[in-house]
Amino acid sequence: MQLFSQTQTQEQADLLELLETKFQLLVFNDDVNTFDHVIRSLMHICKHEWIQAEQCALLIHTTGKTVVKSGELDEMNAMCTALHDRGISASVVSE
């Protein structure tokens, strides 16, 4: 019975760790999308202000990729899918 208790406790600890982990939405540079399209998409999907979206777009362009948002897994996955729907390459990674 103790083994079950230890296993259950470890599963609860693993679940708690997953829930506490923040995730990052990473956007990648490409040769297809315009700055304007990326900026408007970040404003609409990630709720960025224009200046923040513009800065992210410049960082994406110059560094090849940039974290544009962080938060809970479900929210980051939804934003990632919305960016994909607009033809923007993105991925969700854990911090």
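This is a guided tour of a predicted model, stop by stop, with what to select and what is found there. Residues are numbered from 1 along each chain as its sequence is written, and side-chain values use heavy atoms, with hydrogens and water left out. Local features need pLDDT of at least 70 and side-chain atom pairs count only at pLDDT 80 or more, while totals for chains, interfaces and linings use all residues.

**The sheet**

Begin by selecting the three strands, which form an open, antiparallel sheet in the order β2-β1-β3; strands here are DSSP runs of E with at least two residues, helices are runs of H or I with at least four, and both are numbered from the N terminus. Two strands are taken to pair if DSSP finds at least two bridges between them. Because β2 (65–71) and β3 (90–94) each have a single partner strand, they stand at the edges, and one side of each is left without a neighbour in the sheet. Next, select β1 (residues 23–28) together with β3, which pair in the antiparallel sense over five bridges, and look for Phe 23 opposite Ser 94 in β3.

**The loop at His 48**

Move to the loop between α2 (35–46) and α3 (50–63), where His 48 lies. His 48 is buried, with a relative accessible area of 5% (buried means under 20%, exposed over 50%, partly exposed in between, with a 1.4 Å probe and protein chains only). The side chain of His 48 reaches the backbone oxygen of Val 68 at 2.8 Å. Leaving aside residues up to four places away in sequence, His 48 touches residues including Leu 42, Cys 56 and Lys 69, where contact means heavy atoms within 4.5 Å.

Then select Arg 40 and Asp 36, which form a salt bridge whose closest N and O atoms are 2.9 Å apart; the term requires a side-chain nitrogen of Lys or Arg within 4 Å of a carboxyl oxygen of Asp or Glu. Being four residues apart in helix α2, Arg 40 and Asp 36 are separated by about one helical turn. Arg 40 is partly exposed, with a relative accessible area of 44%, and Asp 36 is partly exposed with a value of 44%.

Methods. Polar contact = N/O pair within 3.5 Å; in protein donor to acceptor, adjacent residues only side chain to side chain.
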